[in-house]
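Hi,

Here is the structure I said I'd pass on. Have a look, and then read on for what turned up in it.

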Amino acid sequence: MMKCHYCQREGTIFIENLGYWTCEDHFERYFLKRVDRVLRKVKRGSSILFGVSGGKDSVAALHSSSLLAEKYDLKLGAAIVYTGLASDCLEIFKSLINELGLKNYVIDVREWGIRIPQDPRSACLVCGVVDRYLLNRYAIEKGYNYVATGHNLDDMAYFGLNNLINHSLDYLFYQYDSVTPPLPEYKMAGKVKPLFWLSDADALNYIKVKGLRTCLTKCPYEGRDKQAVIKPLLYQIRSRWSSSLVNFVSSLRKLAKMSEPPPRKINLCEKCGYPTSGRICAFCRLREKLGEEVL
Ligand SMILES: [Zn+2]
Ligand SMILES: [Zn+2]
């Protein structure tokens, strides 16, 4: 029998980033402490719109944040960006929202003239652009200060390494943190990543310990992009050195803060008025390409 690192009880959960076993109670404490570390950086009295897909990460992020919202005087809402494919995810979303009693929005991409393409090479790109755009736009229109997502430490380690090997540094300069501030003059909500210090497995264990439901419908393209190559390498490194990925993400974050980034170029899209680095934003270009007229 493995013993809990903190008490006499049986250790049933392995925390990869720490390299030891804990009981359920101490796991929950560890988990909420990490979420707390993120939420305490959000300005008191703010409102946060959670993007929820129904998967383990977004459900764990919203559920754990809801337990800490009062402490930091945060108002939470939730939105699902719905493609019309995964109806079980929509059900999960609705039942979770009911349980937590939150204001919520179902954003149907079809009403925005978007269909997710069949080709896996462009599907993930389209999904990413559409998610980011619509969550930010709803947050601004409904008066939320921040958008929260389920990105966890493993995602951040992947983004970090991927951006380094692509030599694309903008993401590291401006977005590589657990909380980034809102820029209302550019119609940009701030970003919050409650699971920034927690692993994939941590999120899954939280779901189990709390008895939460998540949807099983996976993105049909998952595992066919770069993540499928890079993430196993990162996991392999962590299995040898438990604190390695936490250290990797901390180091990149610190380097990004220490460096003097080039001035950030933000324009407002000529079609929709939302932020872009060019003249027309990625979302509007996408809609044009898909042959729909722009709203
Ligand atoms: Zn314990
Ligand atoms: Zn636009």
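Which side chain does the side chain of aspartate 155 make a polar contact with? The partner is lysine 231, at 2.7 Å. Before going further, keep in mind that this is a predicted model.

Aspartate 155 sits in helix α5, which covers residues 153–165. Its relative accessibility is 11%, so the residue counts as buried, the cut-off being under 20%. Setting aside neighbours within four places in sequence, aspartate 155 touches Gly150 and Gln227 as well as Lys231.

Then there are the zinc ions. For the zinc ion (ligand 1), the coordinating atoms are SG of Cys4, Cys7 and Cys23, plus ND1 of His26, at 2.1 to 2.4 Å. The angles among those 4 donor atoms run from 99 to 113°, and the site is tetrahedral. Along the chain, the donors follow C-x2-C-x15-C-x2-H. Cysteine 23 is buried at 4% relative accessible area, and histidine 26 is buried too, at 12%.

The zinc ion (ligand 2) is held by the SG atoms of Cys269, Cys272, Cys281 and Cys284, 2.3 to 2.4 Å away. Here the spacing reads C-x2-C-x8-C-x2-C. Cysteine 269 lies in the loop between β9 (267–268) and β10 (275–276), while cysteine 284 belongs to helix α10 (residues 282–289), so the pair, 15 residues apart, links distant parts of the chain. Cysteine 269 is buried, with 4% relative accessible area, and so is cysteine 284, with 2%.

Cheers

Terms used:
Residues numbered from 1 in each chain as written. Chains lettered and ligands numbered in written order. Predicted model: local features only at pLDDT ≥ 70, side-chain atom pairs only at ≥ 80, totals over all residues. Heavy atoms only, no water. Donors = N, O, S within 2.8 Å, 3.2 Å for Na, K, Ca; no water. Tetrahedral: all angles 85-135°; square planar, octahedral: opposite > 155°, others 65-115°. Buried < 20%, exposed > 50% of the residue type's maximum accessible area, 1.4 Å probe, protein only. Helix = DSSP H or I, 4+ residues; strand = E, 2+ residues; numbered from the N terminus. Polar contact = N/O pair within 3.5 Å; in protein donor to acceptor, adjacent residues only side chain to side chain. Contact = heavy atoms within 4.5 Å.
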